[in-house]
Amino acid sequence: MIRVLIADDQALLRGSFRVLIDLDPGCTTVAEAGSGAEAVALAARHRPDVVLMDVRMPEMDGIEATRLICADPATAGTRVLILTTFDLDEYVYGALRAGASGFLLKDTPPADLLAAVRVVAAGEGLLAPTVTRRLIDEFARRPEPTRSLPRRLDGVTEREREVLTLIARGLSNAELAAHLQLSLATVKTHVGRLLTKLAVRDRAQLVIVAYETGLVGPATPWRDPGARRASRPPG
């Protein structure tokens, strides 16, 4: 059973999310919070598996609440799934930096939201496609990082850097396996080692590391290796 804390300053939305979650046989709502400060306190008390976190709330916004929850050893196992009204939300980057494991729009279909809760609870990161594009655009507006990779990537093998690059481009494990011609188990092993070596919680945080270290950026677009092979002349 996945235990969920709902944090939103609108009671009607909290109630709607609660009904949706409690109707799923694999999920249950443990508490509701109307502010960021209340979300932090309730997360410490109930230690939920997932927090559905609104961004704009009184007293303390969802970003600061996310940062506090993710930094507290008592809630180390809690994952935060950010929900917002706009895909242009300027807080996307800040929320992910604070430790959020996923970012979805509030108009996401109910079935997709429940699927997102399960994905995040399982330790995976999740970003809506439009949010991923906005995140990349945000990095594009920032000064280009130094091309010498920071020490944070020391100890990461060349294959693991390749995997990290493709994760930052949004590829799933199955897509990674197909493009790198590896088994799914091998891909999962590489991803697990990256999480351990880089001391991050999930794939969403791996995307942040890949961009902040300069491993990938707007100037290094991903190209389908299959397309490169197909474009070579025969012989």
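**Helix α8**

In this predicted model, helix α8 spans residues 173-180, and its buried residues are Asn173, Leu176, Ala177 and Leu180. These residues lie on the same side of α8, because they cover an arc of only 100 degrees around the axis. An α-helix has 3.6 residues a turn, so residues three or four places apart point the same way.

The buried residues of α8 pack against α7 (158-168), α9 (184-198) and α10. On the face turned away from the buried side, α8 carries the exposed residues Ala174 and Ala178. Gln181, with a positive phi near 55 degrees, follows α8.

**Nonpolar cores**

The largest nonpolar core comprises 26 residues, of which Met53, Val80 and Ile82 touch the most other members. Elements that give two or more residues to this core include the strands β1 (2-7), β2 (27-33), β3 (50-54) and β4 (79-84), as well as the helices α2 (36-46), α3 (62-71), α4 (92-97) and α10 (203-212). The greatest contribution comes from α3, with four residues.

A second, separate core holds 23 residues, among them Leu194, Val200, Leu206 and Leu215.

Returning to Ile82, and leaving aside neighbours within four places in sequence, this residue is in contact with Met53, Val55, Thr66, Ala95, Ala100, Gly102, Phe103 and Leu104.

Asp8 is found in the loop between β1 and α1 (11-23). With a relative accessible area of 1%, Asp8 is buried.

Beyond its neighbours within four places in sequence, Asp8 is in contact with Leu13, Arg14, Phe17, Ala33, Gly34, Asp54, Met57 and Lys106. Asp8 and Ser35 are 27 residues apart along the chain, and their C-alpha atoms are separated by 6.6 Å.

Technical notes:
Residues numbered from 1 in each chain as written. Predicted model: local features only at pLDDT ≥ 70, side-chain atom pairs only at ≥ 80, totals over all residues. Heavy atoms only, no water. Core = buried A, V, L, I, M, F, W, Y, C linked by side-chain atoms within 4.5 Å. Buried < 20%, exposed > 50% of the residue type's maximum accessible area, 1.4 Å probe, protein only. Contact = heavy atoms within 4.5 Å. Arc of directions from axis to C-beta.
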